[in-house]
Amino acid sequence: DYSDNGYVPAIFLIMSAIGLILNLYLIIDFFRKKSQNSSRKQSSMKKLFTVLPVLDCITCLYWILSSSIFWKAEVIKDNENTCLCLSILYLSVFTFEFIFINFILIHFRKISLNPIEGILKPEKNILIYFIISIVFTAIVLALSIFFQIMGRSPMYTCFINTEQSSRNGLIFLIPIVTIISVIIHIIYDLFCREMFV
């Protein structure tokens with residue numbers, strides 16, 4: 001809750017604006033290098049990492065809107081529908097990015113164990129990662145809308161409303177559990193596999 005502290009939204013606004021500029025630079029730089037080396041194939045990891053700045057740009061835009069418009073409870077109350085749409089957008093990007101990062105880690109693990117995985121059919125792998133990420137994002141979003149947990153968050157932004165019930169925060173378990181499982185797999189592959197072979 002930072003509604004009474006006018007300088008905190010300003011800090012969020014400045015940081016988000018800087019983040020947006022940096023991520024836009026990364027996207028432009030990627031396409032510039034791609035056009036200069038059109039004959040050269042991009043690695044699957046590079047293609048996967050290119051998605052993240054795009055998602056981060058949307059996240060930065062969300063925080064810019066939240067910090068400049070929706071930083072008071074009164075404003076959120078007067079614009080409930082707009083806030084709901086913003087909540088849905090941010091939850092979608094947030095969940096998709098978490099799940100997609102897991103697939104980047106899984107893909108990294110695959111190519112570490114077998115470098116050919118990074119060369120063979122990278123577009124097919126990326127498409128599969130996208131489809132699964134979209135499906136899981138849709139499930140999380142549908143559950144959030146069904147249980148009506150979207151709206152004003154405790155920070156007075158448009159996101160998950162944990163003021164109604166602390167159980168609403170359990171929706172974050174899905175991306176968190178997937179990240180933990182991937183980390184466990186990577187640690188097992190890097191350190192424990194040789195002990196058990």
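Helix axes here are lines fitted to C-alpha atoms over the stretch in contact, with angles taken between N-to-C directions. The legends below use that idea for a predicted model.

**Figure 1. Helices α2 and α4 cross at roughly 160°.** Their axes come within 10 Å. An angle over 145 degrees counts as roughly antiparallel. The two helices, α2 and α4, are therefore roughly antiparallel to each other. Their crossing is left-handed. What kinds of residues make up the contact of α2 with α4? The residues divide into 20 nonpolar, four polar and two charged.

**Figure 2. Helix α1 packs against helix α2.** Helix α1 covers residues 7–36, and helix α2 covers residues 44–68. The axes of α1 and α2 come within 8 Å and cross at roughly 150°. That crossing angle makes α1 roughly antiparallel to α2. The crossing of α1 and α2 is left-handed. On the α1 side, the residues that meet α2 include Phe12, Leu20, Leu24 and Phe30. On the α2 side, the residues that meet α1 include Val54, Leu61, Trp63 and Ile64. By class, this contact of α1 with α2 has 16 nonpolar, six polar and two charged residues.

**Figure 3. Lys46 sits in helix α2.** Lys46 is among the α2 residues in the contact with α1. Is Lys46 buried, exposed or partly exposed? Its relative accessibility is 39%, so Lys46 counts as partly exposed. Look across to Phe30, which is 16 residues away along the chain. The C-alpha atoms of Lys46 and Phe30 are separated by 9.2 Å. Phe30 belongs to α1 and is also part of the contact between α1 and α2.

**Figure 4. Ser66 is a buried residue of helix α2.** How accessible is Ser66? The relative accessibility is 0%, so Ser66 counts as buried. Now set aside the neighbours within four places in sequence. Ser66 is then in contact with Trp71, Leu86, Thr157 and Cys158.

**Figure 5. Aromatic rings pair up in this structure.** A search of the whole structure finds 11 aromatic pairs. One of them joins Tyr62 and Trp63. Their ring centres are 5.1 Å apart, and their planes are at 75°. This pair is edge-to-face. Both Tyr62 and Trp63 are buried. Ring pairs also link these two residues into a cluster with Phe12, Tyr90, Phe94 and Phe98.

**Figure 6. Phe96 and Phe130 form a tilted pair.** The ring centres of Phe96 and Phe130 are 5.6 Å apart. Their planes are at 40°, so the pair is tilted. Which parts of the chain does the pair link? Phe96 lies in helix α4 (residues 80–113), and Phe130 lies in helix α5 (residues 122–146). The two residues are 34 residues apart. Phe96 has a relative accessible area of 10%, so Phe96 is buried. Phe130 has a relative accessible area of 27%, so Phe130 is partly exposed.

**Figure 7. The protein has six helices and two strands.** Read along the sequence, the pattern is α-α-α-α-α-β-β-α. Of the 197 residues in the protein, 39% are buried. Now take contacts between residues at least 6 apart in sequence. Among these, 70% join residues at least 24 apart.

Notes: Residues are numbered from 1 along each chain as its sequence is written. This is a predicted model: local features need pLDDT of at least 70, side-chain atom pairs count only at pLDDT 80 or more; totals for chains, interfaces and linings use all residues. Side-chain values use heavy atoms; hydrogens and water are left out. Rings of Phe, Tyr and Trp (its six-membered ring) pair if their centres lie within 6.5 Å; planes under 30 degrees apart count as stacked, over 60 as edge-to-face and the rest as tilted. Buried means under 20% relative accessible area, exposed over 50%, partly exposed in between (1.4 Å probe, protein chains only). Helices (H or I, at least four residues) and strands (E, at least two) are DSSP runs, numbered from the N terminus. Axes are lines fitted to C-alpha atoms, for helices over the stretch in contact, and angles run from 0 to 180 degrees between N-to-C directions. Angles under 35 degrees count as roughly parallel, over 145 as roughly antiparallel, 65 to 115 as roughly perpendicular and the rest as oblique. A crossing is left-handed if the near helix is turned anticlockwise from the far one by less than a right angle, and right-handed if clockwise. Contact means heavy atoms within 4.5 Å. Ala, Val, Leu, Ile, Met, Phe, Trp, Tyr, Cys and Pro count as nonpolar, Asp, Glu, Lys and Arg as charged, and the others, Gly among them, as polar.
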